[in-house]
Amino acid sequence: MKYVKYIKNILPRQKHLSSFQIIIAGFLIVILIGAFLLMMPFSSRNGEFTSFLSSLFTATSATCVTGLVVYDTATHWSVFGQGIILLLIQIGGMGVVTIAVAIAIISGKKIGLMQRSTMQDAISAPSVGGIIRLTGFIIKSTILIEMTGAILLLPAFCRDFGIPKGIWYSLFHSISAFCNAGFDLMGHRERFSSLTSYSGSGYVNLIIMSLIIIGGIGFLTWDDVRHKGLHIRRYRMQSKVILTMALVLILFPFLIFFFGEFSTSAWDGMSMGEKFWAALFQAVTPRTAGFNTVDLSLFSEAGKTIMIILMLIGGSPSSTAGGMKTTTVAVLFLNLFSVFKRKEDQECFGRRLENDTVKYAGAILLMYLACFLTGGIIISYMEGLPIVTCLFETASAIGTVGLTLGLTPALGTLSRIILIILMFLGRVGCLTLVYAAFSGAQGNISRLPKEKITVG
């Protein structure tokens, strides 16, 4: 018996996957299945196989709701291929775990504690309690908002493309906008043109921007709005921070673009109304949406830099958007203000932040900056391109935005692989990947002696 005990002790014990490992595995499986389907001849318009790398790039971009493409979506992919891309966008926008839990609920299966915990980590919910109710709210809200957006887009797209194609275009762009994906079907007019043909259409601009903002604010915030209405004081502190940051990150870039960028001679051909809508749209879309209504290559270096910053910030937690998240930036600024005021705690809306939150925010910032800069520098060296142009693409990838200066389709194999990795990191989250890798590590309860180090 003692030998049996000895063998049991030396054999590795069966371990369950952690929530973070499940999230990453789920995204990887969806991406690989999508890449396989997009490779098939029936997914392309010419009826030929698409290379695995190009299919993988497209599947990753769609599932990670990014929008960077190596082929024009409208002219290269068949209707079936476009349907696969749209399905990947929907799964990626709502989250693989959310979709899986929704299917389980519909099929009548019991949702255990492990599944609820995974769902909590997937959507950054504050607690496990009420997670099934919240999942139902996410599903219903998504369907309602996307269908409403599609119906509102019908008049413009049916007028321009006819009824059958107009219905498909309305549905595709509504889902793509709400999921902050940035994929478009406007390539029949001009390849890789995005929504530039609608730069002066306030109606289309307003609908697309509304879908982007609603999707990027996050389901937890909308759950607050649903239950507490206009009683903003009763909102969770996170919801207040998200709404404040969303307003600031739209208003200030709009003012800079309208009075700075679009006042230059490069945009003399546009009317004042077109400049207004262009400035507002370009202020909204960099935070992970990926659509553009003007040629971004005409932007000044300063304008491109502002867009890079906005792309890195991204949307809000528990939303369809990626990036570092608005709350991360807010926490870092609150920490900055507390240092200026020589306060020990970070305070916001009458509440005190936990110290761990500040540590996580700093770690996320450093990880995103490291990945974004490293990727941009490597691509610049390999492709022999200007560093700002390469950093624009890497910020777009890790921020899961999809805006481009036209660089991505011409990149080599290694550069595309770098963008694939950055898109994946941006969607699942850098910390999620780290937690998944070290999920079995035990924290050290002993503490070393403390000593000061001078900074600044």
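The side chain of S44 gets to within 3.2 Å of the backbone oxygen of P41, a polar contact in the sense of N or O atoms within 3.5 Å, one able to donate a hydrogen and the other to accept it, with sequence-adjacent residues counting only if both atoms are side-chain atoms. This is a predicted model, where local features need pLDDT of at least 70, side-chain atom pairs count only at pLDDT 80 or more, and totals for chains, interfaces and linings use all residues. Residues are numbered from 1 along each chain as its sequence is written, and side-chain values use heavy atoms, with hydrogens and water left out.

**Around S44 and M39**

- S44 sits in the loop between α2 (19-39) and α3 (52-63); helices here are DSSP runs of H or I with at least four residues, strands are E runs of at least two, and both are numbered from the N terminus.
- With 5% relative accessibility, S44 counts as buried (under 20% relative accessible area; exposed is over 50%, partly exposed in between, with a 1.4 Å probe and protein chains only).
- Setting aside neighbours within four places in sequence, S44 is in contact (heavy atoms within 4.5 Å) with T50, H76, W77 and S78.
- M39 belongs to helix α2, and its C-alpha is 4.7 Å from that of T50, eleven residues apart along the chain.
- Beyond neighbours within four places in sequence, M39 is in contact with F49, T50, S51, F52 and S55.

**Helix α10 and its partner α8**

- α8 (residues 131-161) and α10 (residues 202-217) pack at about 170°, axes 10 Å apart; axes are lines fitted to C-alpha atoms, for helices over the stretch in contact, and angles run from 0 to 180 degrees between N-to-C directions.
- That makes α8 roughly antiparallel to α10, a label for angles over 145 degrees.
- On the α8 side, I145, G149, L152, L153, P155 and A156 meet Y203, V204, I207, I208, L211 and I214 of α10.
- The residues of this contact split into eleven nonpolar, one polar and no charged.
- Buried residues of α10 include G202, N205, M209 and I217, and the buried set packs against α8, α9 (163-178), α11 (219-228), α12 (237-259) and α13 (272-284).

**Whole protein**

- The protein has 19 helices and two strands.
- Of its 456 residues, 51% count as buried.
- Among contacts between residues at least 6 apart in sequence, 69% join residues at least 24 apart.

Key
Angles under 35 degrees count as roughly parallel, over 145 as roughly antiparallel, 65 to 115 as roughly perpendicular and the rest as oblique. Ala, Val, Leu, Ile, Met, Phe, Trp, Tyr, Cys and Pro count as nonpolar, Asp, Glu, Lys and Arg as charged, and the others, Gly among them, as polar.
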